Amino acid sequence: MNRRQFLSLSAGGLALLAGCGQTQQPATLTPITASGETLMTGWWRFESRGVNFTHPSGADLATCGMIQFGADANCTWNMTPIEHDFDRLRELGVDTVRIFLNYYVFGGARESQPSYDQTPALDHLANFVAAANARGIYVIPVLMAKYPQDTFAPQFYERTLELHVRPIVKRFAGNPGILMWDLFNEPDIGSPVNIRCWDWDNELEPSCFPM
């Protein structure tokens with residue numbers, strides 16, 4: 001969209017931010033409002049300059065390719081490198097980060113493990129948002145990352161809302177540091193689902209058409 005200049009750093013590009021300088025003083029988070037289809041900061045049009053934040057600098061990508069908010073033992077939760085990256089991003093003029101919320105980490109695991117508690121992951125996400133906001137950086141949470149491709153049908157919608165969407169939105173509704181909500185448009189990449197189904201040209205494949 002021409003109203004929003006959204007830079008995209010690759011996972012490798014973000015890793016180059018290691019060795020950040022000294023921590024900046026907390027920035028003021030300016031309230032964002034909507035005027036028609038335009039985002040505004042007071043009288044000025046807001047143009048987001050952001051990155052996909054997939055992992056902090058220095059992460060071992062062989063064992064932890066993406067932030068899992070403490071749910072994966074291979075991905076120890078540590079805010080220190082994240083805060084260092086936020087400091088560096090702020091220096092570079094970045095004001096928005098987009099973070100992917102794994103469907104299973106944030107509620108989906110309860111389907112197979114009824115005792116699974118997503119509260120720790122939500123708490124870690126709250127710390128992530130607060131640290132970004134303290135530096136004047138807004139957050140765009142991406143819902144339904146890794147959502148299973150074979151559950152795109154009306155009979156699954158209520159379950160998905162109950163397990164995954166409502167707990168997250170309820171926790172962060174009204175938070176001025178959440179710029180907007182995003183829905184992942186490449187569900188379950190890397191899953192056992194037929195790889196041909198990732199290409200719209202194969203929509204008539206028997207296993208792909210229902211998706």
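Analyst: Let's go through the fold, a sheet, a disulfide and a histidine, in that order.

Analyst: Some ground rules before that: this is a predicted model, where local features need pLDDT of at least 70, side-chain atom pairs count only at pLDDT 80 or more, and totals for chains, interfaces and linings use all residues. Residues are numbered from 1 along each chain as its sequence is written, and side-chain values use heavy atoms, with hydrogens and water left out.

User: How many helices and strands are in the chain?

Analyst: Helices (H or I, at least four residues) and strands (E, at least two) are DSSP runs, numbered from the N terminus. Here the chain has 4 helices and 7 strands, and along the sequence they come as α-β-β-β-β-α-β-α-β-α-β. Of its 211 residues, 42% count as buried, meaning under 20% relative accessible area with a 1.4 Å probe, protein chains only.

User: What strand order does the open sheet have?

Analyst: In general, strands of a sheet pair through backbone hydrogen bonds, either parallel or antiparallel. Two strands count as paired if DSSP finds at least two bridges between them. In this model, an open sheet of 3 strands has the order 1-2-3, with antiparallel pairing. Strand 1 (33-35) and strand 3 (44-45) each have a single partner strand, so one side of each is left without a neighbour in the sheet. Strand 2 (residues 38-41) is joined to strand 3 by 2 bridges, and M40 sits opposite R45 of strand 3.

User: Which cysteines does the disulfide join?

Analyst: A disulfide is a covalent bond between the sulfur atoms of two cysteines. The working test is a pair of cysteine sulfur atoms within 2.5 Å, and that gives a count of 1 here. The disulfide joins C64 to C75, with S to S at 2.1 Å. Both cysteines lie in the loop between strand 4 (50-52) and helix 2 (79-91), 11 residues apart. The link is right-handed, with 125° about the S-S bond, and both C64 and C75 are buried.

User: And H164: buried or exposed?

Analyst: H164, in helix 4 (residues 154-172), counts as buried because its relative accessibility is 0%.

User: What does the side chain of H164 reach?

Analyst: Look for polar contacts: N or O atoms within 3.5 Å, where, within protein, one must be able to donate a hydrogen and the other to accept it, and residues adjacent in sequence count only if both atoms are side-chain atoms. The H164 side chain reaches the backbone oxygen of F106 at 2.8 Å and the backbone nitrogen of M144 at 2.9 Å.

Technical notes: Buried < 20%, exposed > 50% of the residue type's maximum accessible area, 1.4 Å probe, protein only.
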